[in-house]
Amino acid sequence: MLVDTERGYRAVASRDTRFDGQFILAVRTTGIYCRPSCPATTPKRRNVEFYATA
């Protein structure tokens, strides 16, 4: 799990490529996972979990 989830969510919302390889974003409602710079629509914060690897 990513320790600072708010920082992780900000990286996902801004599609910051500097965080690629540092964590994976998983969306509970869809069952998908992405890197932080994923071009998909940013999911709601309450539906997101962060992991170190896929």
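The structure holds 2 aromatic pairs, where rings of Phe, Tyr and Trp (its six-membered ring) pair if their centres lie within 6.5 Å, with planes under 30 degrees apart counted as stacked, over 60 as edge-to-face and the rest as tilted. This is a predicted model, in which local features need pLDDT of at least 70 and side-chain atom pairs count only at pLDDT 80 or more, while totals for chains, interfaces and linings use all residues. Residues are numbered from 1 along each chain as its sequence is written, and side-chain values use heavy atoms, with hydrogens and water left out.

**Aromatic residues**
- The ring centres of Phe23 and Phe50 are 5.4 Å apart and the planes stand at 75 degrees, so this pair is edge-to-face.
- Phe23 lies in the loop between helix H1 (5-13) and strand E1 (24-27), and Phe50 in strand E3 (residues 48-51), so the pair ties together parts that are 27 residues apart in sequence. Helices (H or I, at least four residues) and strands (E, at least two) are DSSP runs, numbered from the N terminus.
- Phe23 and Phe50 are buried, that is, under 20% relative accessible area, where exposed is over 50% and partly exposed lies in between (1.4 Å probe, protein chains only).
- Phe19, Phe23 and Phe50 form one aromatic cluster.

**Nonpolar core**
- The largest nonpolar core has 8 residues: Tyr9, Ala11, Val12, Phe19, Phe23, Leu25, Val48 and Phe50. Such a core is a set of buried Ala, Val, Leu, Ile, Met, Phe, Trp, Tyr and Cys residues joined through side-chain atoms within 4.5 Å.
- H1 and E3 each supply at least two residues of this core, and H1 gives the most, with 3 residues.
- Leaving aside neighbours within four places in sequence, Val12 is in contact (heavy atoms within 4.5 Å) with Phe23, Leu25, Pro36, Thr42 and Phe50.

**Sheet**
- An open sheet is formed by 3 strands in the order E2-E1-E3, with antiparallel pairing; two strands pair if DSSP finds at least two bridges between them.
- The edge strands, strand E2 (32-34) and E3, each pair on one side only.
- E1 and E3 run antiparallel and are joined by 4 bridges, and Ala26 stands opposite Glu49 in E3.

**Segment after E3**
- Ala52 is placed in the segment after E3 and, at 52% relative accessibility, counts as exposed.
- Not counting residues up to four places away in sequence, Ala52 touches Gln22 and Phe23.
- Ala52 and Leu25 are 27 residues apart in sequence and 9.0 Å apart in space, C-alpha to C-alpha.
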